[in-house]
Amino acid sequence: MKIDKGTINMLLKMNDDMLWGTLKMAFSRSGSNIAKDIKRPEDMSKIRDILAGLTDADIERVSELLGKGGKK
(Lines give C-alpha, C1' and ligand atoms only; values in the text may rest on other atoms or scores of the structure.)
Protein backbone atom coordinates (compact mmCIF):
# COMPACT_ATOMS: atom_id res chain seq x y z
CA MET A 1 0.00 0.00 0.00
CA LYS A 2 1.36 3.38 -0.97
CA ILE A 3 1.21 5.86 1.87
CA ASP A 4 0.48 9.48 1.01
CA LYS A 5 -1.72 12.31 2.30
CA GLY A 6 -4.74 10.73 0.60
CA THR A 7 -4.13 7.45 2.41
CA ILE A 8 -3.78 9.28 5.72
CA ASN A 9 -7.04 11.15 5.10
CA MET A 10 -8.76 7.86 4.31
CA LEU A 11 -7.46 6.39 7.58
CA LEU A 12 -8.70 9.38 9.53
CA LYS A 13 -12.24 8.85 8.17
CA MET A 14 -12.36 5.28 9.52
CA ASN A 15 -13.99 4.43 12.81
CA ASP A 16 -11.63 3.45 15.64
CA ASP A 17 -11.96 -0.31 15.13
CA MET A 18 -11.28 -0.08 11.41
CA LEU A 19 -8.35 2.29 11.94
CA TRP A 20 -6.75 0.03 14.53
CA GLY A 21 -7.25 -3.06 12.36
CA THR A 22 -5.73 -1.32 9.35
CA LEU A 23 -2.70 -0.14 11.32
CA LYS A 24 -2.11 -3.63 12.72
CA MET A 25 -2.46 -5.15 9.24
CA ALA A 26 0.02 -2.66 7.76
CA PHE A 27 2.60 -3.45 10.42
CA SER A 28 2.01 -7.17 10.04
CA ARG A 29 2.43 -7.07 6.25
CA SER A 30 5.65 -5.12 6.65
CA GLY A 31 7.15 -8.00 8.61
CA SER A 32 7.11 -6.09 11.88
CA ASN A 33 5.76 -7.76 15.01
CA ILE A 34 5.32 -4.45 16.82
CA ALA A 35 1.51 -4.33 16.65
CA LYS A 36 1.14 -7.95 17.75
CA ASP A 37 2.04 -7.09 21.34
CA ILE A 38 0.35 -3.69 21.57
CA LYS A 39 -3.18 -3.41 22.88
CA ARG A 40 -5.60 -1.05 21.20
CA PRO A 41 -5.88 2.16 23.21
CA GLU A 42 -9.35 3.03 24.47
CA ASP A 43 -8.89 6.58 23.23
CA MET A 44 -7.62 6.65 19.66
CA SER A 45 -7.48 10.45 19.54
CA LYS A 46 -3.71 10.61 20.08
CA ILE A 47 -3.12 8.24 17.18
CA ARG A 48 -5.48 10.32 15.04
CA ASP A 49 -3.68 13.53 16.06
CA ILE A 50 -0.33 12.03 15.08
CA LEU A 51 -1.65 10.84 11.72
CA ALA A 52 -3.25 14.22 11.01
CA GLY A 53 0.02 16.02 11.78
CA LEU A 54 2.31 13.94 9.58
CA THR A 55 4.39 15.91 7.11
CA ASP A 56 5.39 14.62 3.68
CA ALA A 57 8.85 13.85 5.09
CA ASP A 58 7.28 11.88 7.96
CA ILE A 59 5.16 9.89 5.52
CA GLU A 60 8.19 9.13 3.38
CA ARG A 61 10.10 7.88 6.43
CA VAL A 62 7.19 5.69 7.54
CA SER A 63 7.03 4.20 4.07
CA GLU A 64 10.75 3.43 4.24
CA LEU A 65 10.41 1.79 7.63
CA LEU A 66 7.40 -0.29 6.64
CA GLY A 67 9.19 -1.35 3.47
CA LYS A 68 12.11 -2.61 5.52
CA GLY A 69 9.97 -4.25 8.17
CA GLY A 70 10.79 -1.54 10.67
CA LYS A 71 14.24 -3.07 11.19
CA LYS A 72 16.23 0.13 10.81
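**View 1. Salt bridges across the whole structure.** A search of the whole structure finds four salt bridges. A salt bridge here is a side-chain nitrogen of Lys or Arg within 4 Å of a carboxyl oxygen of Asp or Glu. Side chains of opposite charge can pair when their charged atoms come close. The model is predicted: local features need pLDDT of at least 70, side-chain atom pairs count only at pLDDT 80 or more, and totals for chains, interfaces and linings use all residues. Residues are numbered from 1 along each chain as its sequence is written, and side-chain values use heavy atoms, without hydrogens and water.

**View 2. Asp-16 and Arg-48 form a salt bridge.** The N to O distance is 2.9 Å. Asp-16 sits in helix 2 (residues 16-29) and Arg-48 in helix 3 (residues 45-52), so the pair ties together parts 32 residues apart in sequence. Helices are DSSP runs (H or I, at least four residues), numbered from the N terminus. Asp-16 is partly exposed at 27% relative accessibility. Arg-48 is buried at 18%. Buried means under 20% relative accessible area, exposed over 50%, and partly exposed in between (1.4 Å probe, protein chains only).

**View 3. Arg-40 and Asp-17 form a salt bridge.** Their N to O distance is 3.5 Å. Arg-40 lies in the loop between helix 2 and helix 3, and Asp-17 in helix 2, so the pair links parts 23 residues apart in sequence. Arg-40 is partly exposed at 33%. Asp-17 is exposed at 55%.

**View 4. Arg-61 and Glu-64 form a salt bridge.** N to O, the distance is 3.0 Å. Both residues lie in helix 4 (residues 56-67), three residues apart, separated by about one helical turn. Arg-61 is partly exposed at 36%. Glu-64 is partly exposed at 33%.

Methods. Helices (H or I, at least four residues) and strands (E, at least two) are DSSP runs, numbered from the N terminus.
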